[in-house]
Amino acid sequence: MDLKNACRMCLFPFQMLYYIVRASLFSLLPNRRKDLSKEVVLITGGGRGIGRHLANEFAKQGARKLILWGRTEKCLKEAAEEISLSGTECHYFLCDVANREEVYKQAKVVREKVGDVTILVNNAAVVHGKSLIDSDDDALLKSQHINTLGQFWTTKAFLPRMLELQHGHVVCINSILSQSPIPGAIDYNTSKASSLAFMESLTLGMLDCPGVGCTTVIPFHCNTEMFQGMRVSQLFPPLKPEMVAQRTVDAVRADQAFLYLPWTMHALVFLKSFMPQVALEEIHKFSGSYTCMNTFKGRT
């Protein structure tokens, strides 16, 4: 090892300490929030659940236009009408994000009819809710195509124009199950872990792209119909989708790269990094997450 590299190795711990302290201090200061008045926001899975609450929150905080994508026209139409009544222009399009050709086709339609998308929210997701052995192969594939690959297609469809304009934001609604899986949701756990890796890579790739940012939201279980019937311990009550939506929009406006909800999820990830497997198993049993999917019904 030459002298230059040896010096860099010695300085590295101090550099890391400096960046940690600086980031901690900046987090205490009020940061400048992004103005949404010129933003065109597209939300996948925008007809119900967290997606619908996100649409309302973006409208409430001043977004110029909202675009909702989904597979159920009734839900999309109701959500779009609700937002339009609040005074914000809102459009909806039927689109299955698992279908690559359909995503590219509808992206073109959106650009022609509404304009350039400047904030893309990848929210669409499904959960099968069974063990690997009990799962249907097509259902397993569906989870991966919607929850993971769908993000590839939507981001490829809209990110190039954001880079060209040097203005844009890509958002992913992920899950703490991407880092702390539970039994009975093997399809969802796997797809969300892949989705998280996708966003971590994308976020690093955007460091040299001025004006374009990324936000990944990693919430605990949220009280929506997608996880209907899931039994949650009273120690960890489910989150309200309204709160998740509000905190997500705030994170986008603050250009925050990663948001854990609640903040205690940081501790969970940290503990998992060094605790032995037997201890983790006992935590799962104590919290009830080991059997929480036994009563799962899902979306009706």
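In the predicted model, the side chains of Arg161 and Glu164 meet in a salt bridge with an N to O distance of 2.6 Å, a salt bridge being defined as a side-chain nitrogen of Lys or Arg within 4 Å of a carboxyl oxygen of Asp or Glu. Because Arg161 and Glu164 are three residues apart in helix H5, about one helical turn separates them; helices (H or I, at least four residues) and strands (E, at least two) are DSSP runs, numbered from the N terminus. Glu164 is exposed, at a relative accessible area of 59%, whereas Arg161, at 28% relative accessibility, counts as partly exposed, where buried means under 20% relative accessible area, exposed over 50%, and partly exposed in between (1.4 Å probe, protein chains only).

The side chain of Arg161 also meets that of Asp116 in a salt bridge, at 3.1 Å from N to O. This pair links distant parts of the chain, with Asp116 placed in the loop between helix H4 (100–113) and strand S4 (119–122) and Arg161 in helix H5 (residues 137–165), 45 residues apart. Asp116 has a relative accessibility of 27% and therefore counts as partly exposed.

The structure holds seven salt bridges, and a network of them links Arg52, Lys74, Glu78 and Glu82. Lys74 counts as exposed because its relative accessibility is 59%, while Glu78, at 33%, counts as partly exposed.

Apart from the charged pairs, Leu132, Ile133 and Ile186 form a nonpolar patch on the surface, with about 320 Å² of accessible area together. Patches are made of residues with over 30% relative accessible area and no salt bridge, like charges being joined within 9 Å and nonpolar side chains (Val, Leu, Ile, Met, Phe, Trp, Tyr) within 5 Å; accessible areas come from the Shrake-Rupley method with a 1.4 Å probe, and for residues only the protein chains shown count as cover. Ile186 is found in helix H6 (residues 186–205) and, at 34% relative accessibility, counts as partly exposed.

Residues are numbered from 1 along each chain as its sequence is written, and side-chain values use heavy atoms, with hydrogens and water left out. As this is a predicted model, local features need pLDDT of at least 70 and side-chain atom pairs count only at pLDDT 80 or more, while totals for chains, interfaces and linings use all residues.
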